[in-house]
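Please open the structure in your viewer and keep the selection tool at hand.

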Amino acid sequence: GSVTAPDIDNGDTTPPAPATNLVVSNDGLTLSGRGEPGATVEVRNDQGQVVVTGTVQPGGDFTVQLPSSVADGSSLQVTLTDAAGNTSQPSSVLTPDLAAPLQPTDLVLSEGISLTGSAEPGARVNVHDASGNLIGSAIAEPDGTFTLTLDPIQANGENLATTRDAR
């Protein structure tokens, strides 16, 4: 006997080319790029969760609105899936880091001169006295720890304020 292979869809088994020209807007809310017209755009965060989907327009361009939660300097993965269900290799794009670092924690002041603690790695930690004068500054290490020396020494129960700046 003979068997006839079924004609599935249009026989398209070729995945779309990966998305190109990926650009995240400066405010972190829009991702645009180019891809196969009609393909479904899927954007995943660095945990692999889908954060938004869209469709490539007939001219090959697409634009999707991103949730503000992904504007933290992380990487997004973009895949394109055609009508036959073929998915492209992922393309990645970095988001701007608009997330303010957390306040420094685990602060320990030794002998009024040496302040240690934890902060976002690479963040600058500034210490100001009650009058607002900068009296110490340091960059947090890759493991998040920092040590800075206060000048002048603060040993009379003064209130100190720590602030941090993003990388």
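The model on display is a predicted one. Begin by selecting β3 (40-44), β4 (50-55), β6 (75-81) and β7 (91-94). Together they form an open sheet of four strands, arranged in the order β4-β3-β6-β7 with antiparallel pairing. At its edges lie β4 and β7, each of which pairs on one side only. On average, neighbouring strands of this sheet are turned by 25 degrees against each other, direction ignored.

**The largest nonpolar core**

Next, select Leu31, Val43, Phe62, Leu66 and Val78. These residues belong to the largest nonpolar core, which has 17 residues, and they touch the most other members. Four strands, namely β1 (20-24), β3, β5 (61-65) and β6, each supply at least two residues of this core. Which strand gives the most to this core? It is β6, with three residues. As background, nonpolar side chains tend to be buried together in soluble globular proteins.

Centre the view on valine 78 and display its surroundings. Setting aside residues up to four places away in sequence, valine 78 touches Ala19, Leu22, Leu31, Val41, Glu42, Val43, Phe62, Gln89, Pro90 and Ser91.

**A separate core**

**Asparagine 86**

Select asparagine 86, which is located in the loop between β6 and β7. Is this residue buried or exposed? Asparagine 86 is buried, because its relative accessible area is 14%, and the cut-off for a buried residue is under 20%. When neighbours within four places in sequence are left aside, asparagine 86 is in contact with Asp12, Thr13, Thr14, Pro15, Pro16, Leu80 and Thr81.

Finally, select residues 105-110 and 114-118, which are strands β8 and β9. The two strands pair in the antiparallel sense over four bridges. Serine 110 has serine 114, in β9, as its bridge partner. Three residues lie between the strands of this hairpin.

Notes
Residues are numbered from 1 along each chain as its sequence is written. This is a predicted model: local features need pLDDT of at least 70, side-chain atom pairs count only at pLDDT 80 or more; totals for chains, interfaces and linings use all residues. Side-chain values use heavy atoms; hydrogens and water are left out. Buried means under 20% relative accessible area, exposed over 50%, partly exposed in between (1.4 Å probe, protein chains only). Contact means heavy atoms within 4.5 Å. Two strands pair if DSSP finds at least two bridges between them. A nonpolar core is a set of buried Ala, Val, Leu, Ile, Met, Phe, Trp, Tyr and Cys residues joined through side-chain atoms within 4.5 Å. Axes are lines fitted to C-alpha atoms, for helices over the stretch in contact, and angles run from 0 to 180 degrees between N-to-C directions.
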